[in-house]
Amino acid sequence: MKIHGQDPVSFQDVKDEIFDMVKPKDPLKISLQDLINSNQGDTVTTILIDLNGFWTYENREALVANDNENSADLDDT
């Protein structure tokens, strides 16, 4: 991430975010069934294995705000 001008993200923050999304039965581990039950398996997998997917998830709020600004600009023309 440093190479791409992004601040590094702490492992603990990512882990906490994933556990908050999945809400596993056991607070110390996430099982396959936990991922299935949470309906977040695709998002969790993308965050863990794809830098672009992680970046998109990490910046989702800024991307939505940017899309809203672009839509407003199009409405003004």
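This is a predicted model: local features need pLDDT of at least 70, side-chain atom pairs count only at pLDDT 80 or more; totals for chains, interfaces and linings use all residues.
Reader: Let's begin with H1. What should its twelve residues span, and how far apart are the end C-alpha atoms?
Author: Helix H1 covers residues 11-22, and at 1.5 Å a residue it should span 16 Å. Its end C-alpha atoms are 16 Å apart, which agrees.

Reader: Which residues are buried in H1?
Author: Val 14, Ile 18, Phe 19, Met 21 and Val 22. They cover an arc of only 160° around the axis, so they sit on the same side of H1.

Reader: What do the buried residues of H1 pack against?
Author: They pack against H2, helix H3 (41-49) and helix H4 (51-58).

Reader: Which residues are in the largest nonpolar core?
Author: Eight of them: Val 14, Ile 18, Met 21, Val 22, Val 44, Ile 47, Phe 54 and Tyr 57. H1, H3 and H4 each supply at least two residues.

Reader: Which helix gives the most to this core?
Author: H1, with four residues.

Reader: What is Tyr 57 in contact with, leaving aside neighbours within four places in sequence?
Author: Glu 17, Met 21, Thr 43 and Ile 47.

Reader: New topic: Ser 38. Buried or exposed?
Author: Ser 38 lies in helix H2, residues 32-38. Its relative accessibility is 15%, so Ser 38 counts as buried, the cut-off being under 20%.

Reader: Which residues is Ser 38 in contact with, beyond four places in sequence?
Author: Met 21 and Val 22. Separately, a polar atom of the Ser 38 side chain lies 3.1 Å from the backbone nitrogen of Gln 40.

Key: Residues are numbered from 1 along each chain as its sequence is written. Side-chain values use heavy atoms; hydrogens and water are left out. Buried means under 20% relative accessible area, exposed over 50%, partly exposed in between (1.4 Å probe, protein chains only). A polar contact is a pair of N or O atoms within 3.5 Å; within protein, one must be able to donate a hydrogen and the other to accept it, and residues adjacent in sequence count only if both atoms are side-chain atoms. Contact means heavy atoms within 4.5 Å. The expected span of a helix is 1.5 Å times one less than its number of residues. The arc is that of the directions from the helix axis to the C-beta atoms. A nonpolar core is a set of buried Ala, Val, Leu, Ile, Met, Phe, Trp, Tyr and Cys residues joined through side-chain atoms within 4.5 Å.
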